[in-house]
Amino acid sequence: MIASQRNGPAPLDLDAVRASLSGSGRMLPAAGYADESVLEWERRVLFAGGWVCVGRSAEVAEPRSRRAVKVGDDSVLLVRDEQGVLHGFFNVCRHRGHELLACGASTTGRFITCPYHSWVFDLDGSLHKVPHEHRDAFASKDELSLTSARVAEWHGFVLVNVDGVAPPVERYTAGLDDILRPYELDRLVVAASHSYELRANWKLAVENYQECYHCSTIHPELCRVSPPDSGSNYCPDGLWVGGSMELVEGAQTMSLDGLSGSEPMRAIAGTLRRAVQYVQLWPNLLISAHPDYVMIHTLEPLAADRTHVVCEWLFPPEVVGRADFDPAYAVDFWDLTNRQDWAACEAVQRGVTSRGYRPGPFSPENEDATFQAVAVVARAYLDGRLPESTTAAMPTR
């Protein structure tokens, strides 16, 4: 764990940021969606300062497995040791600073070997050995261990906090664990995955995700299986935003015909068989939990106006193992819906760069969760750090 660097407010008009917290809320100033210097600040404060989802535990499931991931403005090496414990180390050798593994790459092995000068580290990060020529250059190997980075496993996801000062995961996710527990996310497996490059700022995808005010306009297929005005939003104790929607009578899940190609998951009963949960764990994990499957989005900002989105569909292992199982009923529905959303977000991205852009007010009935999401960002812009919770970010009335 390392100490957090002190961060000042974001590099944009702070009076305009404060205006986004007034009344029923409104969008952020244009620079928040279009300025590269603001994105760099977000990488340092919102991403490096939060618990970022970097994938599923299954991607580093086996002992001796390793994977290098980008987190905010840094890079972390995930390592599963011989006992199955997950470790995080900054992806940098203690000798000359060479990265230990290219970001996005995975490997396995008994030791971590730097590809530059062949320094070798154990899976717990301690220095194991150095080339013969270097053996007398230092007194103790103990002071040359890899630098630890903060990692946690949560519902089958790997979360990383690189600045070392985010609240404990249990505080960060307060209230969300109870909502997600019946879906048993930690035992689900990925049955399908799509990758998208969205020509819009990452926050526009978040803002769009948090409301269905737009659904009757651009999602006719969704409205046939779930009324856009159904459900309600949560008042989170942790740093997350979300709510639920209901299925129409006769619909079993979110699909083009409302029918499921599976059955409700084993712990889903009662009203949960009629509900779909939509939650965002700050900053980059979106979880859409259905009675029979869970869809997740992970967001990675590539530029102020470009976002890489990975969408995955998770099912119980016993369902995926069936010879006749086909996740297409869920994938086809959400691929269509995703593309409708991306087109809308890209149109908004073009709009916020117009000379005529003026942030408009949110609807208190239909965009309250969007206001919560914007409030988290606005508070961080003003304070130079993420708020303690989503509720704490909201203005006092």
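The legends below describe close-up views of a predicted model.

**View 1. Confidence along the chain of the predicted model.** The chain has a mean pLDDT of 94, and 96% of its residues reach 70 or more. Over residues 1-5, however, the pLDDT is below 50, although this stretch has 12 contacts in the model beyond near neighbours in sequence. Where pLDDT is low, the predicted coordinates should not be read in detail.

View 2. Leaving aside residues up to four places away in sequence, N208 touches H214, D341 and C345. With H214, the side chain of N208 makes a polar contact, side chain to side chain, at 3.5 Å.

**View 3. The hairpin formed by β3 and β4.** Strand β3 (residues 74-80) runs antiparallel to β4 and is joined to it by 5 bridges, and within this pairing V79 stands opposite H87 of β4. Between the two strands lie 5 residues, and in this turn G84 has a positive phi of about 90 degrees. Strand β4 itself, residues 86-90, is mostly covered, with 4 of its 5 residues buried.

**View 4. An open sheet of 3 strands in the order β6-β7-β8.** The pairing in this sheet is antiparallel. Because β6 (112-113) and β8 (127-129) each have a single partner strand, they stand at the edges, and one side of each is left without a neighbour in the sheet. Strand β7 (residues 120-121) is joined to β8 by 2 bridges, and F121 has L127 in β8 as its bridge partner.

**View 5. The aromatic pair of F315 and F325.** Among the 14 aromatic pairs that the structure holds, the one formed by F315 and F325 is edge-to-face, with 4.9 Å from centre to centre and 70 degrees between the planes. The pair links distant parts of the chain, since F315 belongs to strand β17 (residues 306-315) while F325 lies in the loop between α9 (317-320) and α10 (328-352), 10 residues apart. F315 counts as buried at 0% relative accessibility, and F325 is likewise buried, with a relative accessible area of 16%.

View 6. One aromatic cluster is formed by Y209, Y278, F333 and W334. Elsewhere, R56 lies over the face of F157, at 4.7 Å from the ring centre.

Definitions and conventions:
Residues numbered from 1 in each chain as written. Predicted model: local features only at pLDDT ≥ 70, side-chain atom pairs only at ≥ 80, totals over all residues. Heavy atoms only, no water. pLDDT = per-residue confidence, 0-100. Contact = heavy atoms within 4.5 Å. Polar contact = N/O pair within 3.5 Å; in protein donor to acceptor, adjacent residues only side chain to side chain. Pairing = 2+ DSSP bridges. Buried < 20%, exposed > 50% of the residue type's maximum accessible area, 1.4 Å probe, protein only. Phe/Tyr/Trp six-rings, centres within 6.5 Å; stacked < 30°, edge-to-face > 60°. Lys NZ or Arg CZ within 6 Å of the ring centre and 35° of its normal.
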